Amino acid sequence: MAEADGKSSVLNVCFSDGSEEPDPGEDQRGEGDASAATEGHSGSQAAPREAGEEAKDKLMPDAKVARVPGQEEEEDTDSMDGSGLYSLTEEGERESEGGRRERVNERDAGKRAARKRNRPSGGTTHHSSSSDEDDDDEEEEEDQEEEEDEQAMDAWLGAELRDLSGPSWRAVPSLKSREIGRGSHQFVRRVCGARGLVQRLELQGRLERHTGCVNTLHFNPSGTRLASGSDDLRVVVWDWARRRAELEFDSGHKSNVFQAKFLPHSGDSTLAMCARDGQIRVAELSATQRCKNTKRVAQHKGAAHKLALEPDSPCSFLSAGEDAIVFAIDLRLDRPANKLVVVKEGDKKVGLYTIFVNPVNTHHFAVGGRDQYVRIYDQRKINENENNGVLKKFCPSHLVSSESKTNITCLVYSHDGTELLTSYNDEDIYLFDSSHGDGADYRRRYKGHRNNATVKGVNFYGPSSEFVISGSDCGHIYLWDKVSARIVQFMEGDRGGVVNCLEPHPHLPGLATSGLDHDVKLWSPTAENLTGLKGLKDVMRKNKRERDEDSVRHGDQYDTQLLWFLMRHMRNRRPQRTRREGAEGDTDESWSSPDSSDEEDGGPDHVQCMSS
């Protein structure tokens with residue numbers, strides 16, 4: 001946690017102007033802007049690198065930039081220190097090439113010595129000498145193969161990257177302009193999308209109340225409250241700034257709570273929830289910090305992982321379940337749930353893990369689940385007799401004919417609905433242009449994390465969707481620059497080993513995250529120094545190797561489920577929880593349509609954190 005007054009003063013300066021008006025002249029940086037910051041100009045002090053090191057360098061954006069003549073007094077960057085562009089090289093990259101070679105030689109010598117110790121003794125001197133020569137040849141071949149593997153790994157990780165563009169926000173000039181009232185209405189918006197602040201994100205605090213994995217986080221529209229839901233079947237509404245729980249109540253669900261969201265323009269009085277038991281429930285909250293009741297409004301025949309809110313509607317939203325059904329729910333109706341579509345590929349139903357409404361064209365929504373296709377529907381034009389009602393489908397070209405069991409665990413639209421971000425299990429994250437036609441390939445690819453063990457989330461970060469953020473099975477949080485696809489921030493986010501949920505604040509440069517740990521973590525840009533991305537390359541290589549090994553073994557989901565069941569059993573061995581006070585009442589009164597099912601998967605085994 002940051003305690004220094006200097007850190008808090010940065011936030012005070014940045015956030016005193018709360019205006020959120022859009023900047024009509026501020027457009028997304030195009031691909032051509034990426035050439036503004038090129039690589040390789042590291043100065044005369046840098047030692048020449050071998051060809052094998054070039055691929056490694058592509059993993060990190062370069063550091064040094066020459067100053068533009070005539071701008072010495074004005075130049076500043078979003079690093080807020082007036083020192084030009086910043087370095088994203090790891091500490092290990094700063095050492096000399098000679099030192100690196102010495103370490104490699106020492107490692108290889110150690111391997112050879114270990115092999116010699118393990119050789120069987122005996123035989124004549126002639127045979128021994130011949131055997132030594134053969135063993136040396138084998139060792140050299142093995143060392144060469146290992147080096148080639150390392151180079152191939154680095155080349156793969158460095159592929160499809162672009163040059164990192166120059167900073168879009170400069171602290172000192174922006175502060176000067178704000179002082180004289182010029183551009184002040186855009187100050188907060190530009191700060192929230194500044195790369196320099198993203199690179200200063202650090203852990204600020206923890207919210208501790210739940211007794212199980214925290215599966216969902218959602219800020220209210222004003223950003224003053226944060227809702228969280230957990231395996232313990234409880235929902236907590238936090239005053240996150242004061243680090244205290246304002247309201248805690250039993251959700252009414254019989255199995256793991258997967259999502260809890262504030263409905264917009266409801267005065268923070270209505271929460272929509274879904275869970276592993278397939279129920280869609282609505283909680284009515286009072287102004288006296290109590291939950292009046294929770295009611296079931298729809299019922300899926302399998303787990304319901306996600307809800308999709310309509311940005312301007314306080315009474316309607318969508319739900320998606322593993323039964324392949326999408327429900328349109330309107331709380332103004334006597335029977336709120338209406339079956340909108342059954343998602344199919346041919347005649348086969350496709351279980352769903354994720355759904356999202358286009359924030360600009362709210363008639364459009366996208367779904368993903370137990371196959372490799374992103375499907376976009378138009379609520380006004382769904383005809384299941386024509387292409388199963390699908391408006392268009394997207395998929396990375398190399399996954400179209402893939403035999404691997406690739407699933408989509410999460411997808412989200414960008415702030416203006418023009419882009420669609422999709423995370424695949426044990427694959428990468430892909431960015432699609434939502435305006436492209438049916439069958440279009442991806443535009444960007446984001447690598448380095450691992451998404452295997454759980455149904456993991458992905459999100460945009462920044463008011464103009466400047467960054468991509470995801471958790472990982474390695475317990476880290478990754479932030480990529482959206483245009484260049486380079487990692488600009490890398491943080492350890494979960495001691496339990498997996499980060500699932502990432503919720504950016506709607507108006508401030510910060511976010512909340514959760515995973516296997518039983519707490520919620522809050523992050524703010526208060527670090528004194530920019531990130532060094534220490535250890536990033538090693539973690540990325542490890543994630544890629546594990547992914548490749550699992551792919552070779554053709555592991556089935558059953559193995560993953562068994563592993564996570566055992567982990568949960570070991571982590572959560574405790575007396576059965578007692579129901580705590582918090583809700584005035586709840587009911588299983590069903591408002592669902594006749595298409596809903598009354599079957600509920602509500603056994604005692606709540607295994608939220610494994611993949612479905």
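The legends below describe close-up views of one predicted protein model.

Residues are numbered from 1 along each chain as its sequence is written, and side-chain values use heavy atoms, with hydrogens and water left out. Because the model is predicted, local features need pLDDT of at least 70 and side-chain atom pairs count only at pLDDT 80 or more, while totals for chains, interfaces and linings use all residues.

**View 1. The whole protein, for orientation.**
The protein has 10 helices and 30 strands. Helices (H or I, at least four residues) and strands (E, at least two) are DSSP runs, numbered from the N terminus. Of the 612 residues, 53% count as buried. Buried means under 20% relative accessible area, exposed over 50%, and partly exposed in between, with a 1.4 Å probe and protein chains only. Among contacts (heavy atoms within 4.5 Å) between residues at least 6 apart in sequence, 62% join residues at least 24 apart. The accessible surface comes to about 28,100 Å², and 46% of this surface belongs to carbon and sulfur atoms. Accessible areas come from the Shrake-Rupley method with a 1.4 Å probe; for residues, only the protein chains shown count as cover.

**View 2. The largest nonpolar core, around Tyr 446.**
A nonpolar core is a set of buried Ala, Val, Leu, Ile, Met, Phe, Trp, Tyr and Cys residues joined through side-chain atoms within 4.5 Å. In soluble globular proteins, nonpolar side chains tend to be buried together. The largest core here has 20 residues, of which Leu 421, Tyr 446, Val 468 and Tyr 478 touch the most other members. Several elements each supply at least two residues of this core, among them helix H4 (125-158), strand E20 (408-413) and helix H9 (536-553). H9 gives the most, with three residues. Leaving aside neighbours within four places in sequence, the contacts of Tyr 446 include Leu 421, Ile 429, Val 468 and Trp 480.

**View 3. Strand E12 between its two partners.**
Strand E12 (residues 325-330) is mostly covered, as six of its six residues are buried. Ile 325, Phe 327 and Ile 329 point one way from E12, and Val 326, Ala 328 and Asp 330 point the other way. Five bridges join strand E11 (residues 316-321) to E12, and the two run antiparallel. Two strands pair if DSSP finds at least two bridges between them. Strands of a sheet pair through backbone hydrogen bonds, either parallel or antiparallel. The bridge partner of Leu 318 in E12 is Ala 328. E11 and E12 form a hairpin with three residues between them, and Ala 324 in the turn has a positive phi of about 75°. Five bridges also join E12 to strand E13 (residues 337-342), again antiparallel. Here Ile 325 stands opposite Val 342 in E13. A hairpin joins E12 to E13 through six residues.

**View 4. An open sheet of four strands.**
The order of the strands is E16-E17-E18-E19, with antiparallel pairing. Strand E16 (352-357) and strand E19 (392-394) are the edge strands, each pairing on one side only. On average, neighbouring strands of this sheet are turned by 25° against each other, direction ignored. Axes are lines fitted to C-alpha atoms, for helices over the stretch in contact, and angles run from 0 to 180 degrees between N-to-C directions. E16 and strand E17 (residues 364-369) are joined by five bridges. Thr 354 stands opposite Gly 368 in E17.

**View 5. Thr 422 and Cys 410.**
Thr 422 is in strand E21 (residues 419-424). Thr 422 is buried, with a relative accessible area of 0%. Not counting residues up to four places away in sequence, Thr 422 touches Val 374, Cys 410, Ile 429 and Phe 432, among others. Cys 410 counts as buried at 5% relative accessibility. A disulfide is a pair of cysteine sulfur atoms within 2.5 Å, and by this rule the count comes to zero disulfides. Cys 410 is in no disulfide; its nearest cysteine sulfur, that of Cys 501, is 9.2 Å away.

**View 6. Helix H5 and what follows.**
In helix H5 (residues 171-179), Ala 171, Pro 173, Ser 174 and Ser 177 are buried. The buried residues of H5 pack against helix H6 (187-192). H5 is followed by Gly 181, whose phi is positive, near 80°.
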